[in-house]
Amino acid sequence: MSGTQGIEFTADVLVIGGGPAGAWAAWSAAREGAKVVLADKGYLGSSGATAPGGTNLLVLPPDRELRDAAVRQRVEASGYLAEERWIHRVLDQVYTSLLLVESWGYPFVRDENGTPMRNHLQGPEYMKLMRRAAAKAGVRILDQSPALELLRDEHGAAGARGVSRLDGREWTVRAHAVVIATGGCAFLSKGLGCNVLTGEGLLMSAELGAELSGMEFTRQYAPSAAFGTVTRGRLLNWATLYDEEGQELEGHGNRGGLHRLLHEGKKVFAVMDKADTEEKRSILRQSHAIFFLPYDRAGIDPFTQPFPLTLRYEGTVRGTGGLRLTEDDCSTTVPGLYAAGDAATRERVTGAISGGGAYNASWAISSGTWAGAGAARYALSQGRDAGQRLARPAGTAGTAAYEAGAAGSFQAQDVIEGVQREVFPLGINYYRSVPVLKQSLQRLDALWSGMGGAVPDTVQARVRSREAAAMAAAARWMYSAALGRRETRGMHTLAEYPQADPLQQHRLIVSGIGGIRLRPEAVPGSPAVRIETLQEEVRT
């Protein structure tokens, strides 16, 4: 804040984000000998989607034949946009990293033979261990310290600056390398643990010229009790769904029916009557205790009493899109800038289908480890003090300082509500069609063009303004990419193009802040690639 003396740090590596990917990146960079600072919008150990609940993991024993079959099946399911080599890398890294987690004291459940079952982690215990491991490795942790913008110079990324919610002071970290581990963008849809995920890492990186990939695969809505925020919907597989006339939805829990009825403005109810014994109910409660909290608070027994359902949009969190990676160390096209977790594209391991669940958790461990190590090696190779770099802030929308009497202020709440009106409705984002998406993108473009106003000089206003700008940017990238992929593949559909097109077996790379650019990128080993400029098609 103006008038308040800021604090400055110098590091080899700055990690932005305190979920599992950020924690692994910070630990990994420190293990390489780098001086590391981690800045988190919340509190490392409790913020983000993983900390409140349990998470499954991709764990396959190092049996080559078994793994090869599973990987080939995954590549096929991905719409042939994933790469076998990257899936194998994730499987290998997770297997190794979970041995570390166990050595740090995580109490994995053991089977009847005493063998640890390392395919599941409870979020609170897991993240508590990760915070302890990072701190023990020497990482300096800045809690409640959201980053507002990156620093840059002629060599690339050079740190970041932000503000502390604890004392209102600005902080600046000058570093040779930055790892973006800020998670995806859930557009403030109130999913449990997801309301800190608003896309600033994507915007900050794009302001430095970084590219994104997979942004069209962002059509995931999670079922949730209408009175709750828990979006871990797997336990609803034990439920029967009914319409408001009491008719069972076709196929027992048919999710397509859920989307259709809610889109039509009708109500849908569920009751978890497939858990028909006390033993089953007890197992479900023990496996995912947080799922039942909203029901207990509302005084509802979900096993016997119907409850209303809703859908919460999950944006890029359970989608696929994020910062494009150029090398195995999760580097981006900007020198010194790395990406990990949901802030990075997961196309290399999930292709066109959701990166949620076990893939997200495993990707966070793997990409965090690789990005941290890569950033450390890059930073330590620079051979000089990062504090000597003549870095300058790179922020654009939502960063203009407010001056008394200045005309035009940035109305963050108006921007947020405007973006939500475009990305939440099933009729725009789930049941996608060319004319509807084009109209929505035009409204988002108009929203973006009005974001040049100044930001009031308070901590909350500055943070909220960047969240609003990031949400608008993410929505524009999503719909630009969706219009560029004129087919139906994985999570992406267009009503006018209901089939997958073999000639579009490529990735779509998105870049730009004001003017958005698209270009196709071949998938390594892909037999069919159509390379042409798509931007004009998209914008007309």
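Figure 1. Let's start with Arg 485, which counts as buried at 1% relative accessibility. In this predicted model, the partner of Arg 485 is Glu 216, and the closest N and O atoms of their salt bridge are 2.6 Å apart. Glu 216 belongs to the loop between strand 9 (212-213) and strand 10 (221-225), while Arg 485 belongs to the loop between helix 14 (459-484) and strand 17 (506-511), so the bridge ties together parts that are 269 residues apart in sequence. Glu 216 is buried too, with a relative accessibility of 0%.

Figure 2. How many salt bridges does a search of the whole structure find? The total is 34. One of them joins the side chains of Glu 102 and Arg 110, at 3.6 Å from N to O. Here Arg 110 is partly exposed, at 47% relative accessibility. Another links the side chains of Arg 260 and Glu 264, with 4.0 Å between N and O. Arg 260 has a relative accessible area of 42%, so it counts as partly exposed, and Glu 264 is partly exposed with a relative accessible area of 42%.

**Figure 3. Strand 10, enclosed by the rest of the structure.** Take a look along strand 10: five of its five residues are buried, so the strand is largely enclosed by the rest of the structure. Tyr 221, Pro 223 and Ala 225 point one way, Ala 222 and Ser 224 point the other way, and all are buried. Which strand pairs with strand 10 over five bridges? That is strand 13 (residues 307-313), and the pairing is antiparallel. Within strand 13, Leu 309 stands opposite Ala 225.

Figure 4. The structure holds 17 aromatic pairs. Trp 27 is buried, its relative accessible area being 10%, whereas Trp 104 is partly exposed at 24% relative accessibility.

**Figure 5. An aromatic cluster and two arginines over rings.** Phe 227, Phe 291, Phe 292, Tyr 295, Phe 303 and Phe 307 come together as one aromatic cluster. The charged end of Arg 89 sits over the ring of Trp 370, at 3.8 Å from the ring centre. Arg 131 lies over the face of Tyr 43, and there the distance from the ring centre is 4.0 Å.

Figure 6. Ser 366 is found in helix 10 (residues 358-380). Is Ser 366 buried or exposed? With a relative accessible area of 0%, Ser 366 is buried. A polar atom of its side chain lies 2.9 Å from the backbone oxygen of Ser 362. Leaving aside residues up to four places away in sequence, Ser 366 touches Val 90, Gln 93 and Val 94.

Note on methods: Residues numbered from 1 in each chain as written. Predicted model: local features only at pLDDT ≥ 70, side-chain atom pairs only at ≥ 80, totals over all residues. Heavy atoms only, no water. Buried < 20%, exposed > 50% of the residue type's maximum accessible area, 1.4 Å probe, protein only. Helix = DSSP H or I, 4+ residues; strand = E, 2+ residues; numbered from the N terminus. Pairing = 2+ DSSP bridges. Phe/Tyr/Trp six-rings, centres within 6.5 Å; stacked < 30°, edge-to-face > 60°. Lys NZ or Arg CZ within 6 Å of the ring centre and 35° of its normal. Polar contact = N/O pair within 3.5 Å; in protein donor to acceptor, adjacent residues only side chain to side chain. Contact = heavy atoms within 4.5 Å.
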